[in-house]
Amino acid sequence: MLIDLDKASEVTKLQWKGYIKNILKEMLNVKMKEECRKTKMRFIEDDEYEQKEYVKKSNVTTSKQIMKTRLNMINLKSNFKGSSIDQRCTACKKENETTEHVLRCEKYKKLINKDIQNYNIKTDNIENLKIISEYMNCIEGFKEKNNNQND
Ligand SMILES: [Zn+2]
């Protein structure tokens with residue numbers, strides 16, 4: 001699906017935001033159907049996506065990041081099997097680099113200089129979800145930098 005950028009000049013900021021949100025929603029619905037049969041869905045309950053508060057209460061970037069985290073689409077080794085043979089955590093090398101692991105990995109927390117409590121990723125608390133999504137954002141940023149250095 002393509003985003004019609006010409007539309008931006010024709011609509012209000014609020015309408016544009018709604019437009020983008022709808023596109024994102026549709027994209028994620030398609031993605032969810034694809035992912036349904038895979039283990040990436042382990043944080044998602046049936047049909048929970050539609051009514052989620054975080055979609056309504058956070059901005060597009062944040063809700064996208066929250067959804068990415070929940071759908072296990074964050075750029076972590078275990079989320080993209082095949083992308084690297086060694087599945088162990090980039091930071092501590094002790095456990096497999098899963099979403100659950102990076103949320104509690106002390107080494108990662110030090111590397112990205114961010115402390116985070118052991119939040120449950122299934123939480124509905126919007127503030128916690130925002131913190132988790134920001135943390136994941138930093139992890140992705142860190143990994144990206146790291147990859148570029150290795151190239
Ligand atoms: Zn680790």
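Helices (H or I, at least four residues) and strands (E, at least two) are DSSP runs, numbered from the N terminus. Residues are numbered from 1 along each chain as its sequence is written. This is a predicted model, in which local features need pLDDT of at least 70 and side-chain atom pairs count only at pLDDT 80 or more, while totals for chains, interfaces and linings use all residues.

**View 1. The protein chain and its confidence.** The protein chain has 7 helices and 0 strands, and 21% of its 151 residues count as buried, a residue being buried if 20 or more other C-beta atoms lie within 10 Å of its own, exposed if 12 or fewer, and partly exposed in between, with C-beta atoms placed from the backbone. The average pLDDT, the predictor's confidence in each residue from 0 to 100, is 78 for the protein chain, and 76% of the residues score at least 70. Where pLDDT is low, the predicted coordinates should not be read in detail.

**View 2. The largest nonpolar core.** A nonpolar core is a set of buried Ala, Val, Leu, Ile, Met, Phe, Trp, Tyr and Cys residues joined through C-beta atoms within 7 Å. The largest one holds 17 residues, of which V102, C105, Y108, M136 and I139 touch the most other members. At least two residues of this core come from each of α4 (60–70), α5 (99–104) and α7 (126–150), and α7 gives the most, with 5 residues. Leaving aside neighbours within four places in sequence, Y108 is in contact (C-beta atoms, placed from the backbone, within 7 Å) with A91, V102 and I139.

**View 3. Helix α4 and the loop that follows.** In α4, the buried residues are S63, Q65, I66, M67, K68, T69 and R70. Just after α4, N72 takes a positive phi of about 55°. K93, found in the loop between α4 and α5, has a positive phi of about 60° although it is not a glycine. K93 counts as exposed because it has 10 C-beta neighbours inside 10 Å.

**View 4. The loop between α6 and α7.** N113 lies in the loop between α6 and α7 and, although not a glycine, has a positive phi of about 55°. Most residues other than glycine have a negative phi. With 8 C-beta neighbours inside 10 Å, N113 counts as exposed. Q117 is also found in the loop between α6 and α7, and its C-alpha is 7.8 Å from that of R104, although Q117 and R104 are 13 residues apart in sequence.

How values were computed. Two residues are in contact if their C-beta atoms, placed from the backbone, lie within 7 Å.
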